[in-house]
Amino acid sequence: MHTTYRILNKAIEGLLVLIFSLLVLDVVWQVVSRYVVGQSSSFTEEFARFSLIWLTVLGAAYINGQKEGHLSMDFLLSKLTADKQKRRHRIIQIVMAVFALVIMVIGGGNLVYTTLKLGQLSPALLVPLGYVYAIVPICGLMIIFFSVYHIKITFNANNNEY
């Protein structure tokens, strides 16, 4: 499970870097085409919007996989004993996994299915919108995996990370 965790983290990191690089190139091209060429490209705004969607949702899944990445106020948590801290972390991971399952996987999967079934296409790129929204259930599955992984770590008696 640890090997899968490391591979998934590296894959998400690479994908985030790629998407962000493409987003930067897209925005630079938009500025150049608007102010130097004098005519705005038709696809750049839509591509930037879709890139931001993917970057945000993938970033949320990636940060969930990192132990220290989430913004948190742990003043009160640090006052608890180690056993109570582990129990609290397990509860938080379970809540995140349930949220990811219900909202992202089931709800997002329904959104993807509906948009693909209706044949909705993006106006400029002519990409089926279901493909754009597919990142939501995929990242929901990643969040569930990361939550299960972190729960497994807290049950490991030799692990003092939490």
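**The interface between the domains**

Tutor: In this structure, 25 residues of domain 1 are in contact with 30 residues of domain 2, where contact means heavy atoms within 4.5 Å. The model is predicted: local features need pLDDT of at least 70, side-chain atom pairs count only at pLDDT 80 or more, and totals for chains, interfaces and linings use all residues. Residues are numbered from 1 along each chain as its sequence is written, and side-chain values use heavy atoms, with hydrogens and water left out.

Domain 1 spans 1-79 and domain 2 spans 80-161, with bounds that come from an automatic or database domain assignment. Their C-alpha centres lie 16 Å apart. Together the two domains bury about 2400 Å², of which 76% is on carbon and sulfur atoms; buried area is the accessible area (1.4 Å probe) that two parts lose on being put together, summed over both. Of the area that domain 1 buries against domain 2, Met1, Asn64 and Leu77 supply 27%, more than any other three residues.

As for polar interactions, six residue pairs (both at pLDDT 80 or more) are in polar contact across the interface. A polar contact is a pair of N or O atoms within 3.5 Å; within protein, one must be able to donate a hydrogen and the other to accept it, and residues adjacent in sequence count only if both atoms are side-chain atoms. Between domain 1 and domain 2 there are zero salt bridges, a salt bridge being a side-chain nitrogen of Lys or Arg within 4 Å of a carboxyl oxygen of Asp or Glu.

On the side of domain 1 that touches domain 2, the elements giving two or more residues are helix 1 (2-37), helix 2 (44-65) and helix 3 (75-78). Helices (H or I, at least four residues) are DSSP runs, numbered from the N terminus. Helix 2 gives the most to this side, with ten residues. By class, this side has 14 nonpolar, eight polar and three charged residues; Ala, Val, Leu, Ile, Met, Phe, Trp, Tyr, Cys and Pro count as nonpolar, Asp, Glu, Lys and Arg as charged, and the others, Gly among them, as polar.
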